[in-house]
Amino acid sequence: MDASGKTSTGPDIAGLCGLVIAVDDPGRAADFYCRVLGCRPLGADILPNAGSHRLVGLAGGGIIALARSAAREDVSDSGVHLALSASAAGRDGVARALAAESIALHRYREDRAAEQDDRFYFSDPDGNRLQIVARPGIPGPGVASIDHVGVQVPDMMWGEEFYGKILGLSVESRFGLRTADHARARIWARGEDDMAPGTRRNDRLYMMMGGQKEVPRTNMQIYFRAGDGIIGVYLATRHVQEPPEEDLSGAPRVLVAAKRAALDGAAERLAAARRPFRGPVEHGAASPVAASLYFKDTGGNFIELCALRGG
């Protein structure tokens with residue numbers, strides 16, 4: 001434990017190593033990710049507990065499983081998104097490929113300081129919002145790795161308890177608690193600031209105050225460091241029907257790489273908090289993941305803590 005009494009994963013957590021993304025047609029989706037984003041095909045139905053899927057690889061070693069899913073929640077007005085890193089030239093190449101596909105490119109602005117210059121968002125053909133961030137030192141075209149993900153939870157206190165104490169991740173930054181944060185929301189409400197979905201909201205008042213029925217607010221956000229990656233947790237702007245806590249399969253899912261011992265430690269903390277989980281599960285040699293611990297956070301977001309083969 002650290003000085004605050006929190007369990008710290010420290011170097012046991014390496015970063016974000018994979019994503020399972022819900023799509024209508026895995027083959028069509030894989031063609032898009034390879035043709036437009038420069039991913040490479042790795043085969044079909046390889047990742048355990050991902051259902052029918054096509055697996056594609058990133059230049060930096062990360063994987064994306066494009067999994068067939070008939071029912072998907074519409075989270076287009078939330079902070080939910082997936083961010084991939086590329087070189088500046090690689091991102092320019094993606095922009096040209098998107099233009100050739102007539103896919104709209106959005107220049108949303110984020111509150112997180114590290115993303116102020118990364119105003120590059122679009123949706124894949126299945127409606128999944130993606131962001132490309134430019135990072136120095138990345139060679140070659142196309143996307144290289146998973147930079148960060150954005151998820152939503154219905155209660156930020158529960159979210160911080162889960163990611164901070166149960167998973168032991170440290171807080172990189174947070175927004176939405178200061179008066180200055182809410183002052184910026186008024187600029188957005190006037191239509192003068194093109195903020196990313198899920199970062200602002202209008203709170204309906206119980207009674208008319210000063211001629212107003214609604215007050216613009218900066219939506220609460222907490223960014224947790226997971227190794228060399230970031231998990232951004234947003235307060236949900238509306239209720240989304242969550243799958244049962246014990247349903248630990250399917251998509252969408254975030255894969256977090258960790259040392260094998262970290263899986264056992266996380267399982268102990270989940271058990272102590274009476275949170276459902278499965279594993280650690282050992283996988284056969286055909287899987288790119290040697291062992292997995294499956295669980296969900298307090299917002300129903302599916303997470304796989306995994307020990308990579310040879311790691």
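How much space lies in the second largest pocket? This is a predicted model, and in it the second largest pocket holds about 220 Å³ of space. Lining this pocket are 14 residues, and the closest to its centre are Leu16, Gly60, Ser145, Ile146 and Asp228. Two elements give two or more residues to the lining: strand E1 (13-23) and strand E8 (143-153). The largest share, four residues, comes from E1.

**The cavity**

Rolling a probe the size of a water molecule over the atoms shows where empty space is left. The count comes to one cavity of 30 Å³ or more. The largest cavity has a volume of about 90 Å³. Its lining has 13 residues, and Ile13, Leu167, Leu169, Val256 and Leu305 are the closest to its centre. Helix H5 (260-272) and strand E17 (302-308) are the elements that give two or more residues to this lining. H5 supplies the largest share, three residues.

The two spaces are set out below.

| Second largest pocket | about 220 Å³ | 14 residues | E1, four residues |

**Helix H2**

Helix H2 covers residues 88-100, which makes 13 residues. From its first C-alpha to its last, H2 reaches 19 Å, close to the 18 Å expected at 1.5 Å a residue. Which residues of H2 are buried? They are Gly90, Arg91, Val94, Ala97 and Leu98. These residues lie on the same side of H2 because they cover an arc of only 115° around the axis. On the other side of H2, Ala89, Arg96, Ala99 and Ala100 are exposed.

The buried residues of H2 pack against four named elements: helix H1 (26-37), strand E5 (81-86), strand E6 (121-123) and strand E7 (129-134). After H2 comes Ser102, which has a positive phi, near 60°.

**The nonpolar cores**

The largest nonpolar core has 58 residues. Within this core, Tyr33, Leu37, Phe122 and Tyr163 have the most contacts. H1 gives the core its largest share, six residues.

What does Leu37 touch, leaving aside residues up to four places away in sequence? Its partners are Phe32, Leu84, Val94, Phe122, Leu130, Gly142 and Val143. One of them, Val94, is also among the buried residues of H2.

Another core lies apart from the largest one and has 12 residues, including Ala50, Ile63, Ala65 and Val289.

Notes. Residues numbered from 1 in each chain as written. Predicted model: local features only at pLDDT ≥ 70, side-chain atom pairs only at ≥ 80, totals over all residues. Heavy atoms only, no water. Expected span 1.5 Å × (residues − 1). Buried < 20%, exposed > 50% of the residue type's maximum accessible area, 1.4 Å probe, protein only. Arc of directions from axis to C-beta. Contact = heavy atoms within 4.5 Å. Core = buried A, V, L, I, M, F, W, Y, C linked by side-chain atoms within 4.5 Å. 1 Å grid on protein atoms, 1.4 Å probe; cavity = no way out; pocket = protein on both sides within 12 Å on 5 of 7 lines; lining within 4 Å. Points joined across faces, edges and corners; volume = space filled by probe spheres on them.
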